[in-house]
Structures are given as structure tokens and as C-alpha cells.
Amino acid sequence: MPKKTSKRPFTVIANWKMNKTISQAQQYAEKLPEFCEGIENSIWLAVPFTAIHPVRSSLPDRFRVGAQNMNDASSGAFTGEVAGEMITDAGGDFVLLGHSERRSYFHESDEFINRKVLRALESSLSVVLCIGETFEQREAGETKEVLSRQLSLGLASVRKEDLTRCLIAYEPVWAIGTGKTATPEMVLDTHGMVRSSLSSLYDEESAQSMPVLYGGSVSASSSEALSKIEGVDGFLVGTASLDPETFAKIAQFASK
Ligand code: PGA
């Protein structure tokens, strides 16, 4: 593996998905800072809407708190939906968009995700745009094409100056929640593809300054090796983020 040269900040994001009541979330938030002592990486928590305010109120400022989804409209008759402004009002400052569970279970298209990206940026949120290929797409040799399509459609009309509030999370769909992590070679290769797509969409400087995180069954035992791969600027962690001590271990390995 080539030695890492990037100076991009390392960001480790917990994706709690549909887990934790308010009291469970608060207990987690009370324990996390102690486990994270001495860790210099940026640590963000993507929590259920109901937990944004309680978690924000329980955590020191160094931790960022955000949502896992939002609607593409600013307000209105969209029963059951949540707007970007409501996330900022609750104390959240970022949102995950385009997660593969939203794409597959809720049939979110790249165009719909793009409208959410634009609305999130307008609502002063940072955006973590999730992309990734399915097992069938990888087997068919379509990974590069799929990733560059998800990036170009997902970031359509996003201005260059707003890229400082955008992160990309590359998560191979077949690695999410399955215990299967992509090999270091695959991760190196795909992160390179993402970076070169970003460079053709914008320019090399923008591509080099955008953090690209890896996600998909990241664990306390796999994170150290993954963190050393060129082009990996952090992690999006699902299952292993549900316990604060394990999550802190992942974030800690990454800082070394
Ligand atoms: P996982 O989930 O770590 O449980 O694979 C990652 C994600 O879905 O963001």
C-alpha cells in the first residue's frame, strides 16, 4: 500500500440508523466524551430526528450532531417529513443523504437526492452524500460508472464554494451490515475512482480537498488498517457505532 500523504481532516461518523430512544441516546452521549479523550479526529453522530436535540444538549461542542435524512422542500403539506431548517433548529448541523437503505427501501432516485442536497446546503447544513455499488454492479464491472453517475447526479448544481460543506461516503452496498469489508485494494481503487470523478466534475484542487469516507461493516478490528489506505479520510460506521466504547475505539485507531 502506498503511504498516506493527504492532509484532509479525518472524520468518523456514527450512523445510528433507527436505533435508540431519547434516554438511550442521552446515556450514550454522556459516556462518549470520556472514551474519546485524546482523540483528535472529528467525530460526528447521525442520530434519529427525535434524538438530535437531546444528544446535542448532552455533548461538548467538539462533537457534531446531525440527521440521517430530510425532505427536499423547505416546509409544507408533506405529512411525516422533516425539513432541513427543523434539523438546524434542533441543533443538528449536517445530514446524511443518499444512504443505500434510503435508495433501496424508500426508492430514492439520484435526482431526488440531489434536490435534498441542494436544500440541505441552502439550510446551512453540511452534507454527507452516500454512494456505492451493489454486488451485482461490481460483478458486472460497473462500479466506476455507478459511482460517477451517483456523484454527478447527486452533486448537480452544487456550487464549487459549497463543496467545503460536502463529504462523500463511499459504502459498497454489499458491505453494509453484512460483516464483509471491502479489501484494502478495492478501497484504494474505488476511493481513487471517486477522487477522479470529483476532479472531472469540478477540478483537481476541489477533489483533493473533499473528504471521502469509507463505510460498510467498519469495526474496531478493521478500522486501523482501513485508516491507513490512501484516499480514506474517515469512516461512516453503522452497527459498530451503537456502543460508545467500540465507536471511540474505531475513531481512535483512525487518528494514529
Ligand atoms: P454498517 O453500516 O457499519 O453496519 O455496515 C454502515 C452504514 O450503513 O452506514
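## Cysteines without a bridge

A disulfide is a pair of cysteine sulfur atoms within 2.5 Å. By that rule, this structure, which is a predicted model, has zero disulfides.

Cys130 takes part in no disulfide, and the nearest cysteine sulfur to its own belongs to Cys166, 12 Å away.

## Buried or exposed?

Are Cys130 and Cys166 buried or exposed? Cys130 has a relative accessibility of 2%, so it counts as buried. Cys166 is buried too, with a relative accessible area of 2%.

Now find helix α1, residues 22-35, and helix α2, residues 49-58. How do their axes cross? They come within 9 Å and cross at roughly 30°. Angles under 35 degrees count as roughly parallel, and α1 and α2 are therefore roughly parallel to each other. Their crossing is right-handed.

## Who touches whom

Which residues make the contact? On the α1 side they are Ile22, Ala25, Gln26 and Ala29. On the α2 side, look for Thr50, Ala51, Pro54, Val55 and Ser58.

Sorted by class, the contact of α1 with α2 has six nonpolar and three polar residues, with no charged ones.

Terms used:
Residues are numbered from 1 along each chain as its sequence is written. This is a predicted model: local features need pLDDT of at least 70, side-chain atom pairs count only at pLDDT 80 or more; totals for chains, interfaces and linings use all residues. Side-chain values use heavy atoms; hydrogens and water are left out. Buried means under 20% relative accessible area, exposed over 50%, partly exposed in between (1.4 Å probe, protein chains only). Axes are lines fitted to C-alpha atoms, for helices over the stretch in contact, and angles run from 0 to 180 degrees between N-to-C directions. Helices (H or I, at least four residues) and strands (E, at least two) are DSSP runs, numbered from the N terminus. Angles under 35 degrees count as roughly parallel, over 145 as roughly antiparallel, 65 to 115 as roughly perpendicular and the rest as oblique. A crossing is left-handed if the near helix is turned anticlockwise from the far one by less than a right angle, and right-handed if clockwise. Contact means heavy atoms within 4.5 Å. Ala, Val, Leu, Ile, Met, Phe, Trp, Tyr, Cys and Pro count as nonpolar, Asp, Glu, Lys and Arg as charged, and the others, Gly among them, as polar.
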